[in-house]
Amino acid sequence: MKLHTYPSPNFNDRRHGGSPDMVVLHYTAMASAEAALARLASPDHEVSAHYLIDPQGRIWAMVAEEMRAWHAGVAAWGGVDDVNSHSIGIEIQNDGSTSFQAAQMSSVEWLLRDISERWRITPERVLGHSDVAPARKSDPGRWFDWLRLARAGLAAWPDGVLSGCPVDRAEFMLCAERVGYRGEFRDVLTAVRLRFCPWAVGLPLRGADVAIVKAAAAQFPCIDGENFTS
């Protein structure tokens with residue numbers, strides 16, 4: 001697939017001195033891809049991403065993968081406090097209220113497979129902005145097709161989720177933390193639902209919510225080690 005270039009000056013060195021070990025997906029929340037490109041390349045705004053995918057599926061390369069783009073902001077996952085230093089950021093043109101285009105999703109799959117193979121990034125390290133910044137962000141949002149990526153082997157999805165789990169807030173938080181989520185209960189609950197059951201909203205906590213994170217914690221717990229420290 002052809003890559004288009006739109007260089008951004010908004011980057012620096014990865015602070016942990018290593019290679020990227022996660023990918024973070026975003027939606028732009030802007031009116032057009034052109035507006036998003038301009039914002040991500042503006043030195044006045046101090047934001048950027050490694051890639052942007054427009055509605056037609058065109059992929060714009062903006063920051064070299066070896067460098068630290070400024071896409072995640074204040075974010076954490078497991079033992080990683082500087083997500084920007086550990087991740088490759090992909091912006092997808094979408095305002096957050098509509099479905100993603102088929103051409104976009106095809107390009108997301110192609111790009112994720114390419115990145116993951118080159119950097120040996122595992123499916124459980126492909127995350128949404130809402131996963132790593134649950135108190136602040138909701139992208140890529142409820143319309144993003146995480147299950148499609150999981151079926152392609154590009155993102156994690158728990159298998160064999162049990163129904164009828166007791167509604168236990170402490171167990172929910174413990175399992176969510178084992179997966180990698182960090183934050184307050186309501187923020188983490190919202191983030192988990194955005195990822196795995198996007199049409200569930202509000203309180204109270206459900207047995208289904210506990211079942212999802214319990215299965216996820218058993219199948220792909222966040223592993224913090226030499227390669228994953230901040």
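Predicted model: local features only at pLDDT ≥ 70, side-chain atom pairs only at ≥ 80, totals over all residues.
Residues are numbered from 1 along each chain as its sequence is written, and side-chain values use heavy atoms, with hydrogens and water left out.

Next I looked at overall form. For 230 residues a compact globule would have a radius of gyration near 17 Å, and the protein chain agrees because its value is 17 Å; the radius is taken over C-alpha atoms, and the rule is 2.2 Å times the number of residues to the power 0.38.

I then turned to the nonpolar cores, meaning sets of buried Ala, Val, Leu, Ile, Met, Phe, Trp, Tyr and Cys residues joined through side-chain atoms within 4.5 Å. The largest has 35 residues, and Trp77, Val83, Phe172, Tyr181 and Val192 touch the most other members. At least two residues of this core come from each of strand S3 (22–27), helix H6 (169–179), helix H7 (185–196) and helix H8 (207–219), where helices (H or I, at least four residues) and strands (E, at least two) are DSSP runs numbered from the N terminus. Another core, of 23 residues, lies apart from it and includes Val23, Tyr51, Ile92 and Leu111.

Finally I checked Val83, which, leaving aside neighbours within four places in sequence, has contacts (heavy atoms within 4.5 Å) with residues including Met22, Val24, Trp77 and Val132.

Notes:
Buried < 20%, exposed > 50% of the residue type's maximum accessible area, 1.4 Å probe, protein only.
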